[in-house]
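Biologist: Could you take me through how some of the labels on this model were reached? I would like to see each value set against its cut-off.

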Amino acid sequence: MRIRVAHLYPDYLNIYADRGNIAVLGRRAALHGHELAVESVGLGDGVRPGVHDLFYVGGGQDREQALIAPDLVLKSASIAEAIDGGAALLAVCGGYQLLGRGYRGRDGSVMPGAGIFPLETSAGSGRMIGDVLLECELEPGDRRTLAGFENHAGRTRLDPGAVPLGRVLHGFGNDGETGFEGCRVGRALGTYLHGPLLPRNPWLADWLLAQALAHATGGPPPALEEIPDDLAREAHRVAAGRARARGGRR
Amino acid sequence: MPGKLLWKLDPEAVDALAARLARGVALHSATNGKTTTAAMAAHVLGKRERLAWNRAGANLLSGIASALLTADGATMGLFEVDEAALPEAITRTRPSVVSVGNLFRDQLDRYGELELVAERWREAVRALPGETSLVLNADDPVVADLGEGRASVLRYGIDDRRHAHQSLQHAADSKYCLRCGAPYVYAAAYVGHLGDYRCDACGHARPSLDVTAREIELAGLRSSRFLLHTPAGEIPVELALPGLYNVYNATAAASLCLALGAAPAEIAAGLAGFHAAFGRFERIPVGSKTIVMLLVKNPAGANEVLRTLETGVPNTLVIALNDAIADGQDVSWIWDVDFEPLLPRARQVVASGDRAAELGLRLLYGGLPPDRLEVVADLESALDRGLALTEAGDSLVVLPTYTAMLALRGILTSRGIVEHYWEGAP
């Protein structure tokens, strides 16, 4: 099966090794017997809802994010329609913030976002930097952990009733206070965790691929076969240990 | 460490000690090449001046304090300065020359975003008196921009299209016009985003060069040579160091020395006699084999190191990734390094260090066949494994991050292979 991926603004949003996430998705799709076709969607390019099974939005520096933010707002209705239609999405760090309703700077200025996730972000004093460990339950009864690294000045507040990606075991998370991290809307996930996220959390890569396959086939997400992941397990173990030892400290 | 103590007890003592230097102070900052560039300049200037110089790479204010305290009778100060410490170093040492080399993404968990560092530099330069000379790498848009509107600026760069990339590398940083935000068009991209850039939308472009490196010949991992065109005449440069990044370092050092009044012949002689700064590039004989150790610490620097390896024979490599504060606790930068061209040529790769598994994943996803990867977290075991895999007469290439380099050097020292050398925290 061909999984069609839209990688949004890869020339602008790539600060925390986002290409690692794409590499993992591509390689694992192949190991599962599928093909990942990644299309880069940049400034001025249109998004046709239904064409892409999976969207990826990486993190950028403030300057680069400001350069693409107006264009992203123009695409927001099409992206929302695609997500409503069952496409999967992963947005990391700056991409996560940009897909909320907006970002309020320290000077009070507001950079409008795409409004895909029911949340708002405002700049806080001091960055929240360090290793993070989350507990997630994307499928009822199936609890998993995610190990990553966060580095953000923004404090993200979910709307009442919004679903977080996970619960913070160690680290700061969305705002350093509520104990929640990230956000989920259907098959769309947003998170501050980079590192990059997927190499040491391959279960999440497979979850995203299964959701994308569901969109491609119109059926339910398929059960993907286990791939031997000893090295990823070891990397996860070490990263989780780092989060326990030094996550969430200022 | 008396400098640390002095810095804690009486920071203003740094101001007083610096003010005693009759021939003034020169500062050099950059993301990559600080230690090497300062050491090259010291090699040239040390023949005519008594230098207070932080040779050990301790480039925070405490390190400068140490160098000032221990340099009895010094006539001139020459200091490499951490990017974030440059504003305070300028305030305290009141330099006559400030040299800035490059700005790359580096340990974002420590330094923050590039724009943050750039803004600090701009503020520091704005506070400089008009007579202070700037020595700037014109090939870096952010660095070149520091010279806008200033009276005394020496701008340097490379002009040799044979060594340019076809396109910007993945880790290229300052890709968008400082004035209008449109993408720069590169007539030549040499190292990361360093090169001959121009914005077609508004016309902002690399300023004209005062010091230009041309006719560059790179001899693999061994050496390089090039011709420097300067306002004082041509300087032929022979370097016992590899890679285009060291051409930038030597051009920066030569420009800094010119700004301080050195003559072309002095510069040529000083650079020709220069050998690598500690841990940055070392050849260490171990019996019939040679360890070639090159420090890697961020995407742009690592990419240039890998580029010098591509021209050599297929190698056995030990790559060591630590994640202490001095290495950067965030290891995501390894995904921005272009390992891919190297991997098909590598005979065997040993991934090591505290984050060995993470590094192993990076290499596997980059296309290294699993049977050519060994993951050995312990540095000493990895070094021995690498040596065992290396045939007599061959070289083992070792690419460590900063604290892994210190640890590996410590292992070699305890075996009596290299001499002890103290280096402060970077």
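Biologist: Why is B:Arg94 called partly exposed?

Modeller: In this predicted model, B:Arg94 has 16 C-beta neighbours inside 10 Å. A residue is buried at 20 or more and exposed at 12 or fewer, so B:Arg94 falls in between and counts as partly exposed. B:Arg94 sits in the loop between helix H5 (86–93) and strand E4 (97–100) of chain B.

Biologist: What is the phi of B:Arg94?

Modeller: Phi of B:Arg94 is near 40°, a positive value in a residue other than glycine.

Biologist: How do you know whether A:Cys93 is buried or exposed?

Modeller: Count again: A:Cys93 has 28 C-beta neighbours inside 10 Å. The cut-off for buried is 20 or more, so A:Cys93 counts as buried. A:Cys93 is placed in the loop between strand E4 (88–92) and helix H3 (94–98) of chain A.

Biologist: Where in chain A is there a cis peptide bond?

Modeller: The cis bond joins A:Gly195 and A:Pro196, with omega about -20°. A:Pro196 belongs to the loop between strand E12 (188–191) and helix H4 (202–217) of chain A.

Biologist: What makes B:Ser99 buried?

Modeller: There are 32 other C-beta atoms within 10 Å of B:Ser99, and 20 or more is enough, so B:Ser99 is buried. B:Ser99 is found in strand E4 of chain B. Leaving aside neighbours within four places in sequence, the contacts of B:Ser99 are B:Ala26, B:Leu27, B:His28, B:Val135, B:Ala252 and B:Leu256.

Biologist: How many residues does chain A bring to its contact with chain B?

Modeller: Chain A brings 25 residues, which meet 21 residues of chain B. On the chain A side, helix H1 (18–31), helix H2 (62–84), strand E8 (142–158) and helix H5 (230–246) each supply at least two residues. By class, that side has 14 nonpolar, five polar and six charged residues.

Biologist: Why is H5(A) called oblique to H12(B)?

Modeller: The axes of H5(A) and helix H12 (residues 356–365) of chain B cross at roughly 140° and come within 8 Å. Roughly antiparallel would need an angle over 145 degrees, and roughly perpendicular runs from 65 to 115, so H5(A) is oblique to H12(B). The crossing of these two helices, H5(A) and H12(B), is left-handed. From H5(A), the contact is made by A:Leu231, A:Ala232, A:Glu234, A:Ala235 and A:Val238, and from H12(B) by B:Ala357, B:Glu358, B:Gly360 and B:Leu361. These residues divide into six nonpolar, one polar and two charged.

Biologist: How do you know that H12(B) is mostly covered?

Modeller: In H12(B), 10 of its 10 residues are buried. Among them are B:Glu358 and B:Arg362. The cover includes H1 and H5 of chain A, together with strand E14 (316–320), strand E15 (348–352) and strand E16 (373–375) of chain B. Just after H12(B), B:Gly367 takes a positive phi of about 110°.

Biologist: What makes H2(B) oblique to H4(B)?

Modeller: Helix H2 (residues 12–19) and helix H4 (residues 61–70) of chain B pack at an angle of about 45°, with their axes 10 Å apart. Roughly parallel needs an angle under 35 degrees and roughly perpendicular starts at 65, so H2(B) is oblique to H4(B). H2(B) passes H4(B) in a left-handed crossing. Here the contact is made by B:Val14, B:Leu17 and B:Ala18 of H2(B) and B:Leu61, B:Ile64, B:Ala65 and B:Leu68 of H4(B). The class count for this contact is seven nonpolar, no polar and no charged residues.

Biologist: Which domains is chain B divided into?

Modeller: Chain B is divided into domain 1 (2–272) and domain 2 (281–414). Their C-alpha centres lie 28 Å apart. The contact takes 21 residues from domain 1 of chain B and 17 residues from domain 2 of chain B.

Technical notes: Residues are numbered from 1 along each chain as its sequence is written. Chains are lettered from A and ligands numbered from 1 in the order in which they are written. This is a predicted model: local features need pLDDT of at least 70, side-chain atom pairs count only at pLDDT 80 or more; totals for chains, interfaces and linings use all residues. Two residues are in contact if their C-beta atoms, placed from the backbone, lie within 7 Å. Helices (H or I, at least four residues) and strands (E, at least two) are DSSP runs, numbered from the N terminus. Ala, Val, Leu, Ile, Met, Phe, Trp, Tyr, Cys and Pro count as nonpolar, Asp, Glu, Lys and Arg as charged, and the others, Gly among them, as polar. Axes are lines fitted to C-alpha atoms, for helices over the stretch in contact, and angles run from 0 to 180 degrees between N-to-C directions. A crossing is left-handed if the near helix is turned anticlockwise from the far one by less than a right angle, and right-handed if clockwise. Domain bounds come from an automatic or database domain assignment.
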